[in-house]
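Welcome! Below is a short tour for anyone meeting this structure for the first time. Please keep the view open as you read.

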Amino acid sequence: MINLRNISIQNKLVLIQVLTSVFVLAIFFTGFIMIDIKDYKERKVKSIQSIAKVLAANNVSTIQFQDNEAAKDILSELQNVAPDIVRAVITDTDGNTFAQFSKTKADSSWFDLGNKTFAFEGRHLYVTNPIVNAENELAGHVYIDCELSELEDMKSKKFGIAGISLVVALGCGFLIAFIIQTYVSKRLLFLVEKMKEASETNNYRLVIKDDGKDEIGILIKVYNDLMYQVNESQQRKDEFIGIASHELKTPLTSIKGYIELLNEMETRQPQQIFIQKTKESTAKLEHLIADLLDVSRINSGQLQLNIEEFKMDELIDESIDSISAGIRTDHTIIRNGTFNDLTVKGDRQRIEQVLINLLSNAVKYSPPRSDIFVSSTIKDEQLIVEIKDFGNGIPEEDKEKIFERFYRARNTSVHISGFGLGLYICSDIIKRHNGKIWVESGAKGSSFFFSLPTIKKSIPI
Amino acid sequence: MKRILVVDDDTDILNLVKTILALNSYAVETIADWKQLNNAIESFRPHLILLDISLSGASGLDLCDELKKAENTMHIPVVLFSANVEMAKRVSECGAVDYIAKPFSIKDLLVIIEKNS
């Protein structure tokens, strides 16, 4: 079943116009044909009735003198007068056939007219007329059976013309509707396209020019106003995030510095443990602020890449080292798969940020004592890095959303701190490198992949 | 003993850097008001200037540029200091030798100061 809601406005408009015109035309044509048929029938009845009257008048004497032959002669004249009369019968007062004319073989049965003087039955018109003599006495009846072959011809011809006219009208209607709808839907589709673009690129500065005063014009105006507001608040929010995180950095610098100083001087327990705890929290805070700043940079278009050439393998190893140094739980990060001594063009620091982020996620979401695998392969001129963990996996409905900002996976048994910005930032960085980032996940864990275009210089080891 | 001049409008940061550097055998002079920069350079004759980028009322990048253009100060290496990494990366534009991003680790600070002073 086709859902009307799912048909495009473009097609809906065409459909409405075509259906309306076809419907109206069909009613119009049918009405006309019906009137025509009615007219024709009335005329036919009148003419056959007058023939019957003439026959009745002419046969008064034949009945009176019982002259069958003369009556037959009169009846056979009908062939010339009205060729569509197939049968004519003259009966006496008792209803016995006195004389008969028949184009087909003679038949004694007759259509029962009852009290009516004429009747239509099938393709035949039956007419009767009493024969009244000079004394005004009933002498018999004239019965005429007229075949309506003309009517059938007329009907099929008229319906044929109506049908052809309808098809032509359908074609014209379609054409006109198509031309008109393009004007209507073009603007709508343009609006939709711009809205899509705005939502995909987060560029809310797109203004649509349209002078129309109709509903679509109003819609576009409302859209423009809305975009202006979105843009304003977006800018204010980004400014706020930027300023706030920047301001947070200054006291954080003091905290971090003094804690480090303290760490070097204080050797007693449990002070040393407290210092370590404070250091860890400071590091987390630093990370969060950095993420917030990155998001504000991404949204305000200020995130710039410092493109250089670097060896991906080295960067992966460095990232694993730096993550491993910070892991308190007993996870082991293992490199496997193909090792490619491959040079990549990109922002080394930003790609490292992606690696560290994906690795620390893998550590965060992995059960204790489970391994994490990192591998890199080349496929279709793309370098693909995979980071595989053995965590609980990601529910199907979350797979797309995890790369959105401020999105955090639900249904996790442990509370994972953070704003839910890491993957959003990763995704943006990889996209800026013309790469892709995606996740494959099942009950046995998740694999995060990202791909980067390669410069081929490979000396496979 | 190497003399380091630190310019930052945040006194907490100044105290922190002074403490760290003093503990690591540097002679440190700090100024919170950038207008005293030239006086401080004249009297203290630093081996290195650690200059914050966003000072109240002035840009560290501009100050650095001026220092590099003036004959009597152009030989002193300047290390930029900023919470804004993107800004701090513009070291070469103003003739600075390096940058330290806030928040910094003591190790990084000492390595950069050691290398450039």
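By about how many helical turns are A:Phe28 and A:Phe32 separated in helix H1 of chain A? The answer is about one turn, because the two residues are four apart in this helix, which covers residues 9-58.

## How to read this report

This is a predicted model, in which local features need pLDDT of at least 70, side-chain atom pairs count only at pLDDT 80 or more, and totals for chains, interfaces and linings use all residues. Residues are numbered from 1 along each chain as its sequence is written, chains are lettered from A and ligands numbered from 1 in the order in which they are written, and side-chain values use heavy atoms, leaving out hydrogens and water.

The predictor assigns the complex an ipTM of 0.86 and a pTM of 0.55. For chain B the average pLDDT (the predictor's confidence in each residue, from 0 to 100) is 89, and 100% of the residues score at least 70.

## Aromatic pairs in chain A

Rings of Phe, Tyr and Trp (its six-membered ring) pair if their centres lie within 6.5 Å; planes under 30 degrees apart are stacked, over 60 edge-to-face, and the rest tilted. Over all chains, this rule gives eight aromatic pairs. One of them joins A:Phe28 and A:Phe32 in a tilted arrangement, with 4.9 Å from centre to centre and 50 degrees between the planes. Together with A:Phe29, these two residues form one aromatic cluster. A:Phe28 has a relative accessible area of 45%, so it is partly exposed (buried is under 20%, exposed over 50%, partly exposed in between, using a 1.4 Å probe and protein chains only).

Another pair, A:Phe373 with A:Phe390, is edge-to-face, at 5.9 Å centre to centre and 80 degrees between the planes. A:Phe373 sits in strand S9 and A:Phe390 in the loop between S10 and H10 of chain A, so this pair ties together parts 17 residues apart in sequence. Helices (H or I, at least four residues) and strands (E, at least two) are DSSP runs, numbered from the N terminus. A:Phe373 is partly exposed at 24% relative accessibility, and A:Phe390 is partly exposed at 34%.

## The nonpolar cores

A nonpolar core is a set of buried Ala, Val, Leu, Ile, Met, Phe, Trp, Tyr and Cys residues joined through side-chain atoms within 4.5 Å. The largest has 43 residues, and A:Met312, A:Ile351, A:Leu355 and A:Phe450 touch the most other members. Helix H9 of chain A gives the most to this core, eight residues.

Contact means heavy atoms within 4.5 Å. Not counting residues up to four places away in sequence, A:Leu355 touches residues including A:Met312, A:Val385 and A:Phe450. Apart from this core lies another, of 32 residues, among them A:Val45 and A:Met154.

## A look at chain B

Chain B has six helices and seven strands, and buried residues make up 50% of its 117 residues. Among its contacts with a separation of 6 or more, 59% are between residues 24 or more positions apart.

B:Ser54 belongs to strand S4 (residues 54-55) of chain B and is partly exposed, at 36% relative accessible area. Leaving aside neighbours within four places in sequence, B:Ser54 is in contact with A:His246 and B:Asp9.
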